[in-house]
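User: Hi! I have a two-chain model open on my screen and would like to walk through it with you. Could you take my questions one at a time?

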Amino acid sequence: MKDKTFVIILAVIMAVGVAATTALLIHGYSLWKEISIVEMIANWGY
Amino acid sequence: MDKKKLGKQLAVIALLIVMFAGLDLAIYQLFIKKVISHHSPGMQKMSVEVGNYVPFSGSENIYSVEGAERLEGDIPTIDGAAALLPVYAGFVESIYPEDSVIYNGEDYDPSSAMHYTNTRGAYKDIVDGNADIIICAQPSDEQLAYAAENGVELEMVQIGSDAFVFIVNANNPVDDITVDQIRGIYSGQITNWSELGGRNIHIAAMRRNEGSGSQTALEKLMGDMPIVPDYSALTGSPIGFSFRYYVTGMLAEGGVKILKINGIEPTRETIADGSYPVSGGLYAVYRKGETNGNVYKAVDFMLSPEGQKIVEESGYIPVR
């Protein structure tokens, strides 16, 4: 694999990975803001 | 083609993919799926939604009285804690002029005499002059400092009370806790449910936003003991806190239970007679030296038998 191709593949994986993680964190944060403490404790379990 | 080099490149690519997949899976499993993914429609229904408590909308959720003298002239702007919305919506519907409340379907208009923010927003608004009366629990030290910095002194008139309660998952075998144990948990000295009669599971001590009514109540309960954040507890089982009113409506949905404190259950009777050890006051707060006579009329109404009935029918404990 040419170095240039390798770097492009790495860049694409990094971009997709960072975007997916960011989206997941944003989704989690919005849920966190909406959910009540009672629901959170009920979900969390023992 | 250098096969060794190609092997290394493919290994780096695979490692990167596995690393991101593992990270996202961990976030999802530990944080989103386990703790916050499942909203219960029943619980959502019971939580305090602003649209369910709009005065003069004919809402059955608001308890108000008929025949009370309505305010005229300079109408004071009222605001308060989220959980206390039913109380001040009842006051407004009873004594405010109908045209003083402007609700746009999602929130109150800035020109409305009734606003709805939360404890933090309400204390800021009364200091900044954007509200004239707020209905809240006690202010935090930071909120008092903000008032002092701005040369505002706050008058606080207690109009009701409620229990400060601690909740755990319904499957947790611990039913009873002491005030000292609560202090131990939140100061980091007690870290495992086995120390309280439960299984060998880490205690996830949940906290609330700084300046919220319930976080301030915890700070007051802790006294001089510092609240130590615990970031390692996501795999444990939680303990959280709130006010009784906010939790009670949701208990029927199951999943959580309120702990007794020092063997006392938080009931209307034990809160009213003071035997439940961690009750908190609900206050009508206004600026000292307020010149708008309607502020005093409104507070007098809150303390009247009709006002106290609103406090009681809204789910809280009256003071008179």
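This is a predicted model: local features need pLDDT of at least 70, side-chain atom pairs count only at pLDDT 80 or more; totals for chains, interfaces and linings use all residues.

User: At roughly what angle do the axes of helix H3 (residues 85-95) and helix H11 (residues 305-313) of chain B cross?

Analyst: Residues are numbered from 1 along each chain as its sequence is written, and chains are lettered from A and ligands numbered from 1 in the order in which they are written. Helices (H or I, at least four residues) and strands (E, at least two) are DSSP runs, numbered from the N terminus; axes are lines fitted to C-alpha atoms, for helices over the stretch in contact, and angles run from 0 to 180 degrees between N-to-C directions. The axes of H3(B) and H11(B) come within 8 Å, and they cross at roughly 145°.

User: Which residues of H3(B) and H11(B) make that contact?

Analyst: Two residues are in contact if their C-beta atoms, placed from the backbone, lie within 7 Å. From H11(B) come Glu306(B), Gly307(B), Ile310(B) and Val311(B), and from H3(B) come Val87(B), Gly90(B), Phe91(B) and Ser94(B).

User: Is E6(B) largely enclosed or open, and why?

Analyst: A residue is buried if 20 or more other C-beta atoms lie within 10 Å of its own, exposed if 12 or fewer, and partly exposed in between, with C-beta atoms placed from the backbone. Both faces of E6(B) are covered, with Ser237(B), Ile239(B), Phe241(B) and Phe243(B) buried on one side and Pro238(B), Gly240(B) and Ser242(B) on the other. Seven of the seven residues of E6(B) are buried, so the strand is largely enclosed by the rest of the structure.

User: In what sense does strand E5 (residues 203-205) of chain B pair with E6(B)?

Analyst: Two strands pair if DSSP finds at least two bridges between them. E3(B) and E6(B) are joined by five bridges and run antiparallel, with Phe164(B) opposite Phe243(B). Over three bridges, the sense of the E5(B) and E6(B) pairing is parallel.

User: How far apart in space are Ile190(B) and Ile203(B), C-alpha to C-alpha?

Analyst: Ile190(B) sits in the loop between helix H6 (179-186) and E5 of chain B. Ile190(B) is partly exposed, having 19 other C-beta atoms within 10 Å. Its contacts, leaving aside neighbours within four places in sequence, include Leu196(B) and Ile203(B). Ile190(B) and Ile203(B) are 13 residues apart in sequence, and their C-alpha to C-alpha distance is 8.0 Å.

User: Which element gives the largest share of the side of chain B that touches chain A?

Analyst: The contact draws 25 residues from chain A and 36 residues from chain B. On the chain B side, helix H1 (3-36), strand E3 (154-169), strand E6 (237-243) and helix H8 (244-251) each supply at least two residues. The largest share, 15 residues, comes from H1(B).

User: How many of the 32 residues of H1(A) are buried?

Analyst: Helix H1 (residues 3-34) of chain A reaches 46 Å from its first C-alpha to its last. H1(A) lies largely in the open, because the number of its residues that are buried is zero.

Technical notes. The expected span of a helix is 1.5 Å times one less than its number of residues.
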